Amino acid sequence: MNAAAPSSVSDLTTNPLLDFSGLPRFDAIRPEHVVAAIDRLLEVAAAALETVTAPDFPARWDDMARALDVATERLGLAWGAVSHLNGVADTPELRAAYNEALPKVTEFWTRLGADERLYAKYKAMDLATLNDEQRRARENALRGFVLGGAELQGADKERFAQIQERQAELAQKFSENTLDATDAFTLYVDTAELAGVPADVLEATAAAAAADGKPGHKLTLKMPCYLPVMQFADSSALRQTLYRAYVTRASDQAEGDGTKFDNTAIMTELLALRHEEARLLGHRHYADVSLVPKMADSPEQVIAFLRDLAAKARPFAEKDLADLRAFAAEHLGLADPQPWDWPYVGEKLKEARYAFSEQEVKPYFTAPKVLAGLFHIVETLFEVSIRRDEAPVWHPAVEFYRIERPTPQGTQLVGQFYLDPSARTGKRGGAWMDDARARWLRPDSGALQTPVAHLVCNFADGVGGKPPLLTHDDVITLFHEFGHGLHHMLTQVNERDVSGISGVEWDAVELPSQFMENFCWEWDVLRHMTAHVDTGEPLPRELFDKMLAARNYQSGLQTLRQVEFALFDMLLHGQSEPVTSGEGILALLAEVRQEVALLLPPAYSRTAHTFSHIFAGGYSAGYYSYKWAEVLSADAYAAFEEAAQAKGGSTLDVATGRRYRQAILEAGGSRPAMASFKAFRGREPGIDALLRHQGMA
């Protein structure tokens with residue numbers, strides 16, 4: 001690290017964000033470290049940019065990587081650690097420091113991506129001196145420069161930079177509003193109001209109330225509390241109260257002073273800025289820009305794909321809804337179910353039809369046993385071993401692991417990961433995988449840097465000294481995120497920009513995650529990862545058979561729901577003029593619902609206002625990726641089913657696992673996703689396996 005100005009040396013020498021000797025020192029990072037460290041790293045990176053863009057600096061890959069990539073990677077590592085903490089351990093002090101540094105970081109990356117001198121160096125490289133991975137990374141970089149505004153001049157270039165900075169600010173504020181609006185809601189109720197709610201949820205809500213010094217139960221809008229109350233509480237009035245609070249979060253319809261978190265203005269400004277960015281780059285609209293680095297060819301192709309999927313799913317969805325309505329009228333006395341009734345009706349019908357409920361299954365899925373089962377699958381299929389490791393962490397609940405591969409000399413470290421499973425205040429909702437560090441044959445030392453991943457979920461904590469219990473949906477979520485993690489960690493690519501998930505088309509990046517979900521439905525797999533929390537007994541086969549029978553329960557309605565979100569997103573970003581008002585956003589969403597949805601929400605619903613995927617999460621004009629990649633993942637998994645059939649064994653087929661690992665996971669972004677898929681399957685993907693898996697064949 002270059003020396004800083006003398007006055008700040010003492011501060012910077014002890015700043016944990018400037019220590020790159022090993023893994024991030026998460027236990028030592030404080031809000032007051034953020035701005036000083038980021039300012040210093042920006043200085044070093046800016047100086048490196050000037051060095052490599054000097055006229056006499058050689059346009060050679062390795063020379064440029066040594067001078068520039070090492071400096072920008074350090075900035076990325078430090079900012080990545082800060083951003084991660086902002087997502088999992090938000091405090092007012094950290095948020096303030098993050099927001100102070102954010103515009104500077106955005107400005108630098110925007111400037112770097114639009115630097116025409118740097119663009120010229122990449123264009124001037126001699127392709128004969130590059131290996132295949134470097135060629136692919138250069139190709140992506142050239143495309144990135146065009147999308148980053150490197151070909152813009154004068155006022156246009158300046159305006160483009162302003163747009164990037166403002167978009168980053170707005171996306172962060174959207175996230176903050178969503179988190180704050182979710183955290184702001186609390187409802188204390190007595191036990192009588194929670195009739196029907198499962199015992200483990202009652203224990204958790206009672207413990208939460210007691211921690212606040214209150215009697216009764218504390219209800220929140222966080223998923224481990226909200227969802228089971230919606231599914232199981234007999235009180236329609238209680239469900240209505242929670243539903244209304246949930247679907248009006250961060251909007252003008254929020255109750256009390258909740259309107260202070262209203263995201264309406266943020267959404268319309270973001271849409272206007274994205275449209276302006278697209279026009280500056282010479283595109284019709286933002287949907288065009290979004291698809292440039294993706295597998296799909298055009299917004300029109302995506303829209304046709306979504307409408308075709310909706311048409312195939314609709315007859316199944318109509319049957320799902322007719323069944324729900326008939327059951328609600330006959331067995332629950334609900335002649336006209338309201339939106340807050342559907343999860344409850346759905347759960348009751350599922351219990352009646354398949355003679356089991358999620359809550360009956362839940363005691364068998366203790367978190368430690370599920371994790372051991374997941375690790376067993378990964379170790380078997382991909383010929384690696386996973387064991388506990390040590391690293392500084394940001395919360396006592398976080399665990400750290402290493403993945404190793406056997407070699408003739410012993411074992412070789414492949415990658416490492418942090419696992420942060422539990423929901424808590426100050427932690428963003430949902431589940432995600434993020435890269436903490438990429439695999440890279442470092443140009444500065446020649447050493448191979450191994451990849452590190454963050455795996456984050458929001459499961460309920462264990463109560464009464466017992467381990468956490470997961471729903472089967474939680475298990476699927478864990479497998480999904482771990483699939484992303486494997487894509488990042490098992491890569492054998494040495495060029496950072498195309499190793500792991502880097503450089504993988506956004507609409508193919510869900511393939512490995514959705515692929516892993518399939519194992520949650522295999523008896524040979526599942527029975528080894530279950531043990532009843534009280535008796536230790538594995539999941540009974542009879543109960544599994546009921547789960548399997550219910551696997552595609554309401555899959556028609558669920559498919560239409562996903563198509564609704566994806567179509568809304570693509571149409572919203574594909575307008576010839578941007579949508580400029582909250583009313584306009586709501587009107588478009590209503591149009592999409594009229595076209596594809598069977599269940600319409602009340603007029604006060606504002607689900608778009610917390611649609612973080614497209615307003616704060618990188619999925620803008622890309623939410624369709626989930627369904628697109630499901631076609632790929634279902635077809636990939638079909639290869640394992642075929643192997644099991646041919647050999648009369650399990651889907652944990654090592655030979656097929658090896659081919660999948662080598663063709664898809666190890667290749668990372670070093671070639672187009674379609675080339676990797678074809679290397680594995682020997683052909684292009686088809687939709688048949690997806691429809692079959694979802695009971696819509």
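**Exercise 1. Determine how many aromatic pairs the model contains, and classify those made by Phe-611 with Phe-565 and with Tyr-623**.

*Solution.* The count comes to 39 aromatic pairs, where rings of Phe, Tyr and Trp (its six-membered ring) pair if their centres lie within 6.5 Å. The model is predicted: local features need pLDDT of at least 70, side-chain atom pairs count only at pLDDT 80 or more, and totals for chains, interfaces and linings use all residues. Residues are numbered from 1 along each chain as its sequence is written, and side-chain values use heavy atoms, with hydrogens and water left out.

Step 1. Planes under 30 degrees apart count as stacked, over 60 as edge-to-face and the rest as tilted. The ring centres of Phe-565 and Phe-611 are 5.3 Å apart and the planes stand at 55°, so this pair is tilted.

Step 2. Phe-565 belongs to helix H21 (residues 555-573) and Phe-611 to the loop between helix H22 (582-596) and helix H23 (612-615), so the pair ties together parts that are 46 residues apart in sequence. Helices are DSSP runs (H or I, at least four residues), numbered from the N terminus.

Step 3. For Phe-611 and Tyr-623, the ring centres are 5.1 Å apart and the planes are at 80°, so the pair is edge-to-face. Tyr-623 lies in the loop between H23 and helix H24 (625-647), and Phe-611 in the loop between H22 and H23, so parts that are 12 residues apart in sequence are tied together.

**Exercise 2. State whether Phe-565, Phe-611 and Tyr-623 are buried or exposed**.

*Solution.* Buried means under 20% relative accessible area, exposed over 50%, and partly exposed in between (1.4 Å probe, protein chains only). Phe-611 has 8% relative accessibility and therefore counts as buried. Tyr-623, with a relative accessible area of 9%, is buried. Phe-565 is buried as well.

**Exercise 3. Identify the ring over which the charged end of Arg-274 sits, and the ring over which that of Arg-428 sits**.

*Solution.* The criterion is that NZ of Lys or CZ of Arg is within 6 Å of the ring centre and within 35 degrees of the ring normal. The charged end of Arg-274 sits over the ring of Tyr-286, at 5.8 Å from its centre. For Arg-428, the ring is that of Trp-432, with the charged end 3.8 Å from the ring centre.

**Exercise 4. Name the residues that form one aromatic cluster**.

*Solution.* The cluster consists of Phe-382, Phe-515, Phe-519, Tyr-637, Phe-640, Tyr-660 and Phe-680.

How values were computed:
Helix = DSSP H or I, 4+ residues; strand = E, 2+ residues; numbered from the N terminus.
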